[in-house]
Amino acid sequence: MSHLATSTSDEITIPLNAWYKVAGSIRRGSIILVAGYPGAGKTTLASQFAYQGASSGEPSLYVSFVEPREDFMANALQFNMDFRPLEGRGLFRYYEALSVSDPEALGDVVEDVLSQVDSMNAKRVVIDSVTAVEQLARDPPRAREIMHSALYLGLKRRGATALLIAELPVGQEASGLGPEEFIVDGIIVLRYRVVKGKLERYAEVRKMRGTNIKRSEFPIAITPRGVEIVVPPDISSMPSGVKPRRSFSLLGLRIPEGANILVAVDPSVDPLKITTLLLASSAISAGLKVVVKSFIHGPSTIRDQVSECVGDDLQGKLLVPTYEPSSMSGGELLANLFRLVEDFKPDVVIDEGNNVLLDLLDRDDYTKVIYGCLPYLATNNVVTFHIYLWPSERVFEIPLAKFYDFVISVRPVGDLLEVRLLKTWGEVLPGGSTYLKASDFTSCDFIKSNGLRPIS
């Protein structure tokens, strides 16, 4: 639940990381419709909304026509949301309305809900779901009367901020609530696509009254923290490459803080020693914190090779995360990266074998991942290396290759490895290329003197 926007007397926080960058604030007393496909994250988002409110001292009421209380509590615990202590302090109440079976009983329940809002002075209310209310009302005009007169106006008069959940059949665009979509203050739609066997989740902000919607659609991920939004930072927050706070050297190339480098290694070359020795070991020896994510070598292989020049005591300078990219969506990959940078605060991030990731994701989704990744790392002053097994003559076919600050190719030339600079906006390598011998990778002195390191 970190990085939530700060509440003011007129605004509330939405428990989505980077929400302000997408849709700004939500004014207190707003009625927000959250429509979505089954399993898209509607209940999780609504739970976060209620939990954030109750945890910050705003009494929250969750009204459910679809889920027993114990199931709700158990599911919330999976995302580290324990509502029971908040219940004990009178800050949360779960109103279970599963037994409603006819329109008359529905009317009584709605009146009771508004009474509950009054009795606990609820500041946040979730109705899960208005689709169930509509079905129970049976008569569409009666459903609209309940939605508009009782729920909408009743909650508005009380100044409660509410999330109304609506079920959206897969493939359908509208919620089916008709006029209510025009009456509510905001509409958020949660959807997904199945791409290469994975759910690519995304959210669309269709309406947010009083707010300049800066981006209408963005990827989301459901992680142990709940629903997370993954939006790249504004480009205005990126560091200066002309006058950086600090710079780094690699084989004579000057690299400013926050730069991103694409390295195309010929498919006939194993990039392990480039990754672990020339980049990671030299950086760690110079006191930098390094993350290595490899899609072609295991974590133990990475650590053992790094320790060749650094020793076994890495003193918290190396992080080799383990996850299975074949089962992760683009949004989940970005959410993991954002959390990793937030928690570990690395100076350098090395992704080895990105061509594998490109094979596992749809090309458009992969491009969005890279575009989300690079500005985020740059604004956190992280030097980034994306290593691909890719022929140098086709390097600019890689998604967003021209977006990188530096493009470098590595290919065998006889018994040597040619490291050639293909693109730069800064200083260039003497002659444009340098050549490495096999013995260079067995000399820790060479690695520490010529590999990645800060310039003093």
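Predicted model: local features only at pLDDT ≥ 70, side-chain atom pairs only at ≥ 80, totals over all residues.
Figure 1. The secondary structure consists of 14 helices and 22 strands. Among contacts with a separation of 6 or more, 72% join residues 24 or more positions apart. The chain exposes about 18900 Å², and carbon and sulfur atoms supply 49% of that area.

Figure 2. Rolling a probe the size of a water molecule over the atoms shows where empty space is left. The count comes to six cavities of 30 Å³ or more. The volume of the largest cavity is about 130 Å³.

**Figure 3. Lining of the largest cavity.** The lining of the largest cavity is made up of 13 residues. Those nearest the centre of the cavity are Leu-250, Leu-251, Leu-278, Ile-408 and Val-419. Two or more lining residues come from each of α9 (272–285) and β19 (406–413). The largest share, three residues, is supplied by α9. By class, the lining has 13 nonpolar residues, with no polar and no charged ones.

**Figure 4. Helix α9 and the residue that follows.** Helix α9 is mostly covered, with twelve of its 14 residues buried. The buried residues include Leu-272, Ile-274, Leu-277, Leu-278, Leu-279 and Ile-284. Just after α9, Gly-287 takes a positive phi of about 90°.

Note on methods. Residues numbered from 1 in each chain as written. Heavy atoms only, no water. 1 Å grid on protein atoms, 1.4 Å probe; cavity = no way out; pocket = protein on both sides within 12 Å on 5 of 7 lines; lining within 4 Å. Points joined across faces, edges and corners; volume = space filled by probe spheres on them. Helix = DSSP H or I, 4+ residues; strand = E, 2+ residues; numbered from the N terminus. Nonpolar A, V, L, I, M, F, W, Y, C, P; charged D, E, K, R; others polar. Buried < 20%, exposed > 50% of the residue type's maximum accessible area, 1.4 Å probe, protein only. Contact = heavy atoms within 4.5 Å. Areas by Shrake-Rupley, 256 points an atom, 1.4 Å probe, with all protein chains shown as cover.
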